[in-house]
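This report describes one protein chain for a reader who is new to structures. Please keep the sequence and the model in view while reading.

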Amino acid sequence: MGEHQGGKLLRTRGQIYVEIGIRTSMERLWSLSQDPGLHPRWDLRFSRIVPTGGDDGGPVSFRYEFRLPFHTIKGTGTSLGHRLRADGQATSVLKFATDDALSPIGPGSGYWRYIPTAEGVRFITGYKYEPGMGVLGKMLDGPVIRPALGWATALSFDRLRLWAERDIDPGDSRNRWIIDAMARASGFLAAALLLRQAVAGHNAGAATALGVTAALASCFLPPHRTVPRAGRCLRHAPDERARTCAVRPRGAPVAGGRRLAAGRRRQAGGEDVDVASIFEQALGRDFDRLHPMLRKRFGVDTSAGYACVGRGVFSEVRRGAWWTVPFLRIGAYRNILFPDQGENVPFTIENYPYVDGLGRPTVTFVRTLQLPGSKRRRFDATMVYSPETGGITDYLGTHQHLATGLILEVLPDGSLHLRSTGQRFYEGFIGFTFPSAFTGTADLYESFDDARGVFTIQMQVRNPVLGFLFGYRGEFTCTFPATPPEGAPHRLRPVREERRQ
C-alpha cells in the first residue's frame, strides 16, 4: 500500500482508504482506537459507540450514534474479530448498517490494520458502503458525501496522531482547527476587501499585492504542528495495478489528433510499439525537431529506464520590486517560488519518472538552489500528460495545490519553450481558477550549446498587474542515472496528489 512520512488516503469506487504513520506504541494506539469510550473522542464520524453484546472470543456487536443539530443518526455494527500475526501486525474487521432514512451511508464493511514500523505504527483503515438517503443519496454520494467522508476520516486520523504522539486532547485539537479555519476565513475576507479597493482604483498596485498576499497566506501558510489537518494525508495511495506502462501501436493517434514521434521501440505481445514520454505525447511529431540532447533529457520515462539529473550554476536569480516579497515568501512554504536573490548560485534539477498513486506517468522537476548564507531553496513541480487536453499539466509545490497547463513550442534552433496557462487551486473539495490578474505566467526556455556542451535555461514569471515577479538564468550539465526500482525517490515526490487537472 506504499509508505511515506505522512499519511495517505485512497478513494476508489466503493472504497475509502486512509493510512497514517503514528509515532507511538502498538498498545497505546490499540487502546485509543479500540476502546468504545475513547474512539468517538477523536473520530468525527461517531458521537457515541455502545457495546451491546459478545465477548473476547468472538464477534462483538455495538450501537453507534452521530448527532446532528436536530436529529441523531443511529446504526448498529458487528466487530467480526481480531487477527494477530507473528510479525506483530493486527487486523480488526467489522460490518455496519442503519435503518435511518437520513443517514448518508447505508450498510457497509471495513477493516483496521496496525503495522509496526521502526518509527511507530502504520494505522490503516479501508471501508466501503452503499449510499443511503435513497435516490438523493446516490446523486450526492460521488460529488459530496464520499469526499466529505474521506476528508473527515483523514482529519480524524490526524487528531488521533496528535493524541497518541503529543497527548493533545481531541477536544483541544478540534478547537485549534476551528481557530485556524476562522483565521483563514478572515484572511480571505481581507483579500476580498483589498481587491475590491484595487478594482475601484484606490492604490491599485499596493492593494492588489496585499490582497493577493492575504489570499495566498490563507491558502498556503501551513497550520501549526498542533493543528490537525487532513491535508497532511496523501489523498491517493499507490495502486500496484497501475504501475504498468501503457503501450500504443506505433504511429497510433493520441489526444488532439497528434501522432507519436518516432521514438524508442520495444516488443509487447509480439507487436512493435512506441514507448512515449509525456513530452513525446504532448509534442507529437514536433518532438523530433528538438536538439538530440533535449530529446534525451525530455525523453525520461519509466520504460526508458533512466532519469535526468542536472547540475550547474544560475548566473542570476532575481525577483521583482518590494511588493512582490510577501507573495513570494508565501510560495516558499510550499516550494513554489521564493523571495531570495543571488548571483552564481549552484543548483541541481532532478527529473525522475514514476507512476503516481492515480496511475499516471509522472516526471519530477525539482530544482534545489544553494543560495548565499548556506540557505537552500527548493522549487518543486511534477508533470503529467493530460489526455483530455493533449498537453502537460504542471502541478506546483509540495502538495500539488496549484495546477497549470503548459504550452510547448519547439523553436527553429531545436530549443524548447514552455509557457504556463491558467492556474487552478485545489484543496480538498475546493477547486477554482485564479483570475489572470492574480496569478503569474511563467516562460521557460531550454536549449543545448554544442560548442560548450552545456544545457542553458532561463525562466521568468510575470503578473499583468505587478509585472516581473521572479526569474533566473544559467547553465548546467546532465547525467542520466538508471531509474531506481521505486521510480522517483520519495524525497522528490509530493506529499499529496491531486486528481483534478
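## Terms and basis

Two strands count as paired if DSSP finds at least two bridges between them. Helices (H or I, at least four residues) and strands (E, at least two) are themselves DSSP runs, numbered from the N terminus.

This is a predicted model, in which local features need pLDDT of at least 70 and side-chain atom pairs count only at pLDDT 80 or more, while totals for chains, interfaces and linings use all residues. Residues are numbered from 1 along each chain as its sequence is written, and side-chain values use heavy atoms, with hydrogens and water left out.

## The chain as a whole

The chain contains 8 helices and 26 strands. Of its 501 residues, 51% are buried. Buried means under 20% relative accessible area, exposed means over 50%, and partly exposed lies in between (1.4 Å probe, protein chains only).

Accessible areas come from the Shrake-Rupley method with a 1.4 Å probe; for residues, only the protein chains shown count as cover. A contact means heavy atoms within 4.5 Å. Taking the contacts between residues at least 6 apart in sequence, 57% join residues at least 24 apart.

## Strand β22 and its partners

Strand β22 covers residues 416–427, and it is largely enclosed by the rest of the structure because 9 of its 12 residues are buried. One partner is β21 (residues 402–410), which pairs with β22 in the antiparallel sense over 9 bridges. In this pair, threonine 404 is opposite glutamine 423 of β22. The hairpin of β21 and β22 has 5 residues between the strands, and glycine 414 there has a positive phi near 85°.

β22 also pairs with β24 (residues 441–449), in the antiparallel sense and over 4 bridges. Leucine 418 has leucine 444 in β24 as its bridge partner. A further antiparallel pairing, over 4 bridges, joins β22 to β23 (residues 430–433). Here phenylalanine 425 has phenylalanine 432 in β23 as its bridge partner. The hairpin of β22 and β23 has 2 residues between the strands, and glycine 428 takes a positive phi near 60°. In a regular strand the side chains alternate between the two faces of the sheet.

## Positive phi outside glycine

Aspartate 167 has a positive phi of about 60° although it is not a glycine. This aspartate 167 lies in the loop between α3 (134–166) and α4 (170–199). Aspartate 167 counts as exposed because its relative accessibility is 57%.

Glutamine 400 is another residue other than glycine with a positive phi, near 55°. Its loop runs between β20 (391–396) and β21. Is glutamine 400 buried or exposed? Glutamine 400 has 2% relative accessibility, so it counts as buried.

Helix α8 is mostly covered, with 6 of its 8 residues buried. Those buried residues are Val325, Phe327, Leu328, Ile330, Gly331 and Ala332. Among the elements that cover them are α5 (204–220), β13 (308–319), β18 (375–379) and β26 (467–479).

Arginine 334 sits in the loop between α8 (325–332) and β14 (342–351). Arginine 334 is buried because its relative accessible area is 7%. Apart from its neighbours within four places in sequence, arginine 334 contacts Phe220, Pro222, Arg229, Gly397, Thr398, His399 and His401.

A disulfide is a pair of cysteine sulfur atoms within 2.5 Å. How many disulfides does a search of the whole structure find? The search finds 0 disulfides.

The sulfur of cysteine 308 has its closest cysteine sulfur in cysteine 478, at 3.5 Å, which is too far for a bond. Cysteine 308 counts as buried because its relative accessibility is 0%. Cysteine 478 has a relative accessible area of 18%, so it is buried.

## A nonpolar patch

Val135, Leu136, Met139, Leu140 and Val144 make a nonpolar surface patch of about 470 Å². Patches are made of residues with over 30% relative accessible area and no salt bridge; like charges are joined within 9 Å, and nonpolar side chains (Val, Leu, Ile, Met, Phe, Trp, Tyr) within 5 Å. A salt bridge is a side-chain nitrogen of Lys or Arg within 4 Å of a carboxyl oxygen of Asp or Glu.

Valine 135 belongs to helix α3. With a relative accessible area of 61%, valine 135 is exposed. An α-helix has 3.6 residues a turn, so residues three or four places apart point the same way.
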